[in-house]
Amino acid sequence: MKLNYISIIFFLSIFLASCTKEGEVNTPDFEVSSYEVTSTIDTSGNPVKQATFNFSGDAALISFYSGVLGSDYEYREGRILEVSGLLSSFTSTLASTGSQENQLSVLVSTDFSGIYDIPNIRAANWTNITNRYKLNVRGASGSLPSGTVDISDLLVDGKPLYYAFYYICEPQTLNGGNSTWRIRDFSLQSSTDLGVTSLATHTTADWHLLSDGAILDPGRGVVIESNGAVRLTGNHLNKEVRTESWAISKGFTLSKVDLGPDRPIAVKSAINPRLSRYSFNYTTPGKYKAVFIASNASYEGQASVVREIEVTVP
């Protein structure tokens with residue numbers, strides 16, 4: 001009986017050992033040994049830099065993160081896209097008549113209530129950013145581009161930003177005749193790693209026009225002309241009255257964008273033969289972290305190795 005018991009234990013041990021061995025998933029013996037970059041033409045006829053990676057060993061499955069936007073191993077768990085810029089621009093003209101200076105200002109607010117009346121406008125805090133732009137000079141011919149100005153430093157997370165053109169005409173006997181300003185070609189764009197997106201043009205900014213003063217001559221203050229220009233000017237008849245005018249945009253709320261995880265490219269499946277090299281086309285010069293994930297898998301599980309190589313694309 002003792003011998004039979006020992007025999008049973010012996011054969012049971014062999015059986016269990018063989019089962020464990022059969023169920024094991026071997027870690028891939030896979031390496032990226034080198035790469036080379038050559039100039040070529042892609043299928044659309046565009047010049048590209050082709051990086052060819054050389055492999056040693058093998059794996060049932062191979063996937064690849066190129067390092068470009070959307071396929072970056074660092075963002076495999078998800079990518080939150082930050083707003084990196086808020087780009088603003090417009091053009092301005094200043095009539096040759098009049099002599100008052102500093103009548104036009106460019107302002108932004110992040111605590112304006114969105115109620116477009118004089119009390120609510122005055123209750124808000126407005127940041128003067130006039131000196132960030134180029135404004136036209138009296139008598140110059142044509143419209144002057146303001147330059148493209150990044151105002152993202154003025155954003156407050158979760159709060160809308162309002163953009164305004166503000167005009168003051170002081171009593172004209174003491175301060176000189178009023179000058180007429182015209183604003184055209186307004187543009188507001190958000191900038192991210194994916195590029196530039198238009199938030200508003202001159203016609204879609206939804207300008208709200210308000211003027212204030214003891215006496216406002218008809219057609220003076222602020223109006224939108226038939227050609228779309230925002231015109232700001234003082235009184236023509238009642239010149240001894242101080243007037244102020246506003247052209248205020250709709251509110252713009254910019255928030256982070258969740259793009260989800262970056263994705264790899266499937267390079268080899270289990271039914272494909274052993275792979276000794278792989279090529280990928282880069283369209284932009286730079287340094288990239290190329291990452292290959294090699295895996296063996298069965299119903300028992302999966303074993304993987306990660307191989308990284310820095311690629312310089314001239």
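This is a predicted model: local features need pLDDT of at least 70, side-chain atom pairs count only at pLDDT 80 or more; totals for chains, interfaces and linings use all residues.

Visitor: Next, the core. Which residues touch the most other members in the largest nonpolar core?

Guide: A nonpolar core here is a set of buried Ala, Val, Leu, Ile, Met, Phe, Trp, Tyr and Cys residues joined through side-chain atoms within 4.5 Å. Buried means under 20% relative accessible area, exposed means over 50%, and partly exposed is in between, with a 1.4 Å probe and protein chains only. The largest core has 29 residues, and I151, Y163, F165 and F186 touch the most other members. At least two residues of this core come from each of β5 (85-94), β6 (104-109), β10 (162-169), β11 (181-192) and β15 (230-233); strands are DSSP runs of E with at least two residues, and they are numbered from the N terminus.

Visitor: And what is F165 in contact with?

Guide: Taking contact as heavy atoms within 4.5 Å, and leaving aside neighbours within four places in sequence, F165 is in contact with residues including F90, L104, V106, I183, F186, W207, L232 and W246. Apart from this core lies another, of 20 residues, among them V267, Y278, Y282 and V311.

Visitor: Lots of aromatics in there. How many aromatic pairs does a search of the whole structure find?

Guide: The search finds 25 aromatic pairs. Rings of Phe, Tyr and Trp (its six-membered ring) pair if their centres lie within 6.5 Å, and planes under 30 degrees apart count as stacked, over 60 as edge-to-face and the rest as tilted. Y35 and F53 form a tilted pair, 6.1 Å centre to centre with 35 degrees between the planes. Since Y35 lies in strand β1 (residues 29-41) and F53 in strand β2 (residues 47-58), the pair ties together parts that are 18 residues apart in sequence.

Visitor: Are those two buried or exposed?

Guide: Y35 is partly exposed, with a relative accessible area of 27%, whereas F53 is buried at 0% relative accessibility. The rings of Y163 and F186 also form a tilted pair, because their centres are 4.8 Å apart and their planes are at 55 degrees. With Y163 in strand β10 and F186 in strand β11, that pair ties together parts that are 23 residues apart in sequence, and both Y163 and F186 are buried.

Visitor: Back to β1 and β2. What order do the strands have in their open sheet?

Guide: The open sheet has 3 strands in the order β1-β2-β19, with antiparallel pairing; two strands pair if DSSP finds at least two bridges between them. The edge strands are β1 and β19 (277-282), each of which pairs on one side only.

Visitor: What about β14, and which residue takes a positive phi in its hairpin?

Guide: Strand β14 (residues 221-224) runs antiparallel to β15, and 4 bridges join the two. G221 stands opposite T233 in β15. The hairpin of β14 and β15 has 5 residues between the strands, and G228 takes a positive phi near 95 degrees there.

Visitor: Where is N102 found, and what about D206?

Guide: N102 is found in the loop between β5 and β6, has a positive phi of about 55 degrees although it is not a glycine, and is exposed, with a relative accessible area of 73%. D206 lies in the loop between β12 (195-201) and β13, has a positive phi near 60 degrees, and is partly exposed, with a relative accessible area of 42%.

How values were computed. Residues are numbered from 1 along each chain as its sequence is written. Side-chain values use heavy atoms; hydrogens and water are left out.
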